[in-house]
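Keep the 3D view open and follow along.

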Amino acid sequence: MENSEIIKIAATVIALAVAIIGHEIMHGYMAYRYGDTTAKSAGRLSINPLVHIDPIGTILVPGLLFASGAPFLFGWAKPVPIYIREVIRNGGYKGAINVSLAGIYYNFSLAIIASIALKYMDMGTISSYTQYFIVYFTLQSLIYNVVLGFFNLLPIPPLDGSHALAYFAAWNRWDKIVNFYNSIERYGMVILILIIATPASNYFFAPVRYIINFLAS
């Protein structure tokens, strides 16, 4: 394997890890700001990647997608423990919504930062493996943070968008919506698999590609 391929793989793995692990840490950090110390007490606000690795979501799923030549890698870290009742007690449903969306805030913020950084990089003067790694890592950071941020916005359990929408419904006492999410929660993973593993994925990847191309242009 050529050095350039090794650099690409390393940059991709690190960019994906930063995206998914940081996503989970931000949930715990936002909950901590609202008085919930569960994640902190469990040592899950640490940047040590070993405490966040999920064997399936962090290793197996991205590995299978990479081996199959998927257009994007996807994965998840071990969920950060949160006691949402404490968050609601201190910050109300607004606090619960912010905790739900904290990882998405993080992902889109990193994507924007990567987009700005790429605009200041001269792709024609890459003269070392270190520069090549930095450029490729920045590009992959843009891609995977958009993918994760957009995907988690989908209002399908157990994704963050569904939690935020359910808390917003509870805040406004839209009981039918709350009951609806409670009733479909057990089927959430089945729905997600159907989206990812069928032609329906094209409807997901189309806006993702548009956002990535817009930020990278």
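Start with Y93, which sits in helix α4 (residues 84-119); helices here are DSSP runs of H or I, at least four residues long, numbered from the N terminus. Y93 is partly exposed, at a relative accessible area of 30%. For that label, buried means under 20%, exposed over 50%, and partly exposed in between, with a 1.4 Å probe and protein chains only.

A quick word on ground rules: this is a predicted model, where local features need pLDDT of at least 70, side-chain atom pairs count only at pLDDT 80 or more, and totals for chains, interfaces and linings use all residues. Residues are numbered from 1 along each chain as its sequence is written, and side-chain values use heavy atoms, leaving out hydrogens and water.

Y93 also belongs to a nonpolar surface patch of about 540 Å², together with L165, F168, W171, W174 and I177. Helix α6 (residues 160-171) gives the patch its largest share, three residues. (Patch residues have over 30% relative accessible area and no salt bridge, and nonpolar side chains, meaning Val, Leu, Ile, Met, Phe, Trp and Tyr, are joined within 5 Å, like charges within 9 Å; a salt bridge puts a side-chain nitrogen of Lys or Arg within 4 Å of a carboxyl oxygen of Asp or Glu.)

Staying in α6, find A169. A169 is buried, with a relative accessible area of 0%. Beyond residues up to four places away in sequence, A169 touches W174, I177 and V178, where contact means heavy atoms within 4.5 Å.

Now go back to α4 for S100, which is buried at 6% relative accessible area. A polar atom of the S100 side chain lies 2.9 Å from the backbone oxygen of A96. Leaving aside neighbours within four places in sequence, S100 is in contact with H27, D160, H163, A164 and Y167.

What about the inside? The largest nonpolar core has 29 residues, and L142, V146, V147, F151, F204 and V208 have the most contacts inside it. (A nonpolar core is a set of buried Ala, Val, Leu, Ile, Met, Phe, Trp, Tyr and Cys residues joined through side-chain atoms within 4.5 Å.) At least two residues of this core come from each of α1 (3-33), α4, α5 (129-153), α8 (188-196) and α9 (201-216), with α5 supplying the largest share, eight residues. A second, separate core of six residues includes A96, I104, A164 and Y167.

Technical notes
Accessible areas come from the Shrake-Rupley method with a 1.4 Å probe; for residues, only the protein chains shown count as cover. A polar contact is a pair of N or O atoms within 3.5 Å; within protein, one must be able to donate a hydrogen and the other to accept it, and residues adjacent in sequence count only if both atoms are side-chain atoms.
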